[in-house]
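Here's a quick tour of a model for anyone about to work with its coordinates. Have a look at the fold before reading on.

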Amino acid sequence: MSPISCYLDLGVSRYKRKTIFPDLGIITFSFPSHVKEGEKVFVTCTPKGEGRSIKFRWLRNRSEIQQNERIKIMEYPDISTLIISPVIGDDNGNYTCVIAEDHSTASYLEELMIQAPPHWIKQPENVETIEGNRATLLCNAGGPPQPRITWKKIDIPRVKEFSFPSQVSIGDRTSAMCFAEKAAPPVSFIWYKNGELIRSLPDVVIKTDEVFSVIIISPVSETSKGNYTCSIKNLFGEASYSTFLSVVAPPRWIVEPMNTSIRIGEHITLECNAAGSPFPRIEWKKIKGSVNLDKHKRFKSLNGTLILTSVKLEDEGIYECSAENGINPPIEKQIWIKVNDSPKIRNFSFQDNVLEGEVVSVTCFAVTKVVPVSYTWLKNGKSVENLQNIRFSNTEELSSIIIDPVTLDDSGNYTCTARNSVGTDTYTTSLQIKAPPRWITVPSDVVSTLGGSITAHCVATGSPEPTVLWKKYSGNKNSDYISLRNEDTGKNSSILKINSVSYDDAGTYECEANNGISPSIRANFTILLRDVPKIKKFSFEDNIKQGDVASVMCFATSTTMPVKFQWEKDGRPVSEVEKHVKIEDGSSHTVIAFHSVKLSDHASPQWLEEPKSIITRVGESVEVHCSAKGSPEPRIEWKKISENAEKVVLNSNENVKHPHRLKISSVTSSDAGIYQCIADNGIEPSIRSNFTITIRGMGNP
């Protein structure tokens, strides 16, 4: 019904209107009669009358509806639409549209009925009970509409017992059938082997029908053996049955025993292992001899392993391992145990810290009961039989090598070989000799010019390898030296290099070689500087005629004297014996002047020959030479260094007559020791060189 308006005339074109509405109401609406889950549904709430100002509200089961992703409310001035998409089972209920105007309200209710397939609220569970007792089963489901629940009894599927044939051999074809009893179709079959699902095996085929399944194994192998399970399942339950496939196979070797050789007194373990079905029984026996291995205390047999302890000579012989499991053919393997007593060398080594000149020995002992034992010695792989300072002490059981006296050349690897009628053995040990430093290269005096380059070499040998230290003499006293820095010597300590010589570089230097073994050695040399002479210009007189006497003077200035002159004509030396000079047109004369420095101009001592160490015997004669140069000529003095480090001067008549030679006519044991040769001419520094006299057959300092 439409609203009614009343107009009141107030005059002068003025009116007053009042609108009157009929009673407030809602046009009826309804949901579709068949609504399924997942569909979309909507209803529209429309007030009666037009032109009204209405407020809408939607309720479900008397509760305000909250909008979400599925539930939407679309409002317009005079209508409101409720939309549900998609519908779910919980949307069932009474839906109310409420409208309000001023102080009046109206509502309309409509029920939404949703249809959905049944779903379990409580599923029945398996029950285990005792015959005669009461059992309660619960089963509840939801709709809507509410499902009707009925009960009926259905038999659970069962697998009929089955088995493989009792005797299946390798290479056969075998099968087993799994039959489902009282099983309503559809029925599914699954096969397992040892609890693992059989998926794809090259020798297994499975064929399945509606109520049975057959497993076929062809050809049968040893790995086919195992527990096979057939599992069936339908809508009402599942069942399974298992059977074992036993495969018979004759024994075969996994580990065969091998011939072996063993020393007397040692232990040996012999492996013998076989496979088969059933598992074979393994036994050991000795073919030759009456030894019962099972009762022998030194023999133990465990799971095919034979253990022999403290082997004796009578244990040698042929032994047999056999494997048998009742399936033909059995297998056996014979082996030979060889008992020998080849020599076994015990470890040995030279003593530590052996000094050159000492006596050193080591003994090689081979353990064996088979004698005699012969011994041979090698040094670095070569025989030492013909070396003068090596001798041997041998018996049937051992050999000692004696080195008297040892020298630096005796360092190396020494190998002892022991041999008897049964076999051989070798052992190698190392001998490292310690020796004081010895010169290989000593530096010489150097004459240079300013700015020139100098390289001095100072090389020594010894064991361990010596280190080289360079010093420069300051000029105050003998021991007053300045050690040179690393940058002066570079990476190689045996080389002293000065790239640009200055006046400060002139002087006396010392090179010392030290390796921790006394005595260290020293060598001295001198760096002298000279300047280049300068010649004043000269020329021959003009208009000289043939037959005239011509002369010219060559004058050179230099701080270093004397200066040596040499005349040349056209680049060739002019002989001093020429009586005259022939002039040729266009010729010219050139003069070259140079100087040289002589050692007679006060030079410190320098070695010409250093003394060398000597190895001798008591009663022999020895002679050592020592000479030096310098200006004035150096005086040679001989000294012996005693145990308390004091120097004993040697002043025999022989040494006074021949100072460059030290001679001992008949050597005694007291002559062994360290000696020193000293060269001194009053120009610092003096020089010293040590050497050793070693006497064979006795300890030496």
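## Sheets, a ring pair and a pocket

In strand E45, Ala460 is the bridge partner of Trp439. Strands here are DSSP runs of E with at least two residues, numbered from the N terminus. This is a predicted model, where local features need pLDDT of at least 70, side-chain atom pairs count only at pLDDT 80 or more, and totals for chains, interfaces and linings use all residues. Residue numbers start from 1 along each chain as its sequence is written, and side-chain values use heavy atoms, leaving out hydrogens and water.

Back to that bridge: strand E42 (residues 433–441) pairs with E45 in the antiparallel sense, over four bridges. Two strands count as paired if DSSP finds at least two bridges between them. Both belong to an open, three-strand sheet ordered E34-E42-E45, with mixed pairing. Its edge strands, E34 (354–355) and E45 (459–463), each pair on one side only.

Another open sheet has four strands and antiparallel pairing, in the order E33-E35-E39-E38. E33 (344–345) and E38 (390–394) each have a single partner strand, so one side of each lacks a neighbour in the sheet. E33 is joined to E35 (residues 360–367) by two bridges, running antiparallel. There, Ile345 has Ala366 in E35 as its bridge partner.

| Sheet | Strand order | Pairing |
|---|---|---|
| Three strands, open | E34-E42-E45 | mixed |
| Four strands, open | E33-E35-E39-E38 | antiparallel |

On the aromatic side, the structure holds 13 pairs (Phe, Tyr and Trp rings, the six-membered one for Trp, with centres within 6.5 Å; planes under 30 degrees apart are stacked, over 60 edge-to-face, the rest tilted). One of them is Phe29 with Tyr108, edge-to-face at 5.0 Å centre to centre and 65° between the planes. Phe29 sits in the loop between strands E3 (26–27) and E4 (35–36), and Tyr108 in strand E11 (residues 104–112), so the pair ties together parts 79 residues apart in sequence.

What about the largest pocket's volume? That comes to about 1100 Å³, the space filled by probe spheres set on grid points joined across faces, edges and corners. A pocket is an open set of points on a 1 Å grid over the protein atoms alone, where a 1.4 Å probe fits, with protein on both sides within 12 Å along at least five of seven lines; lining residues have an atom within 4 Å of a point. Of the 26 lining residues, Pro124, Trp151, Lys152, Ile154 and Phe236 lie nearest the centre.
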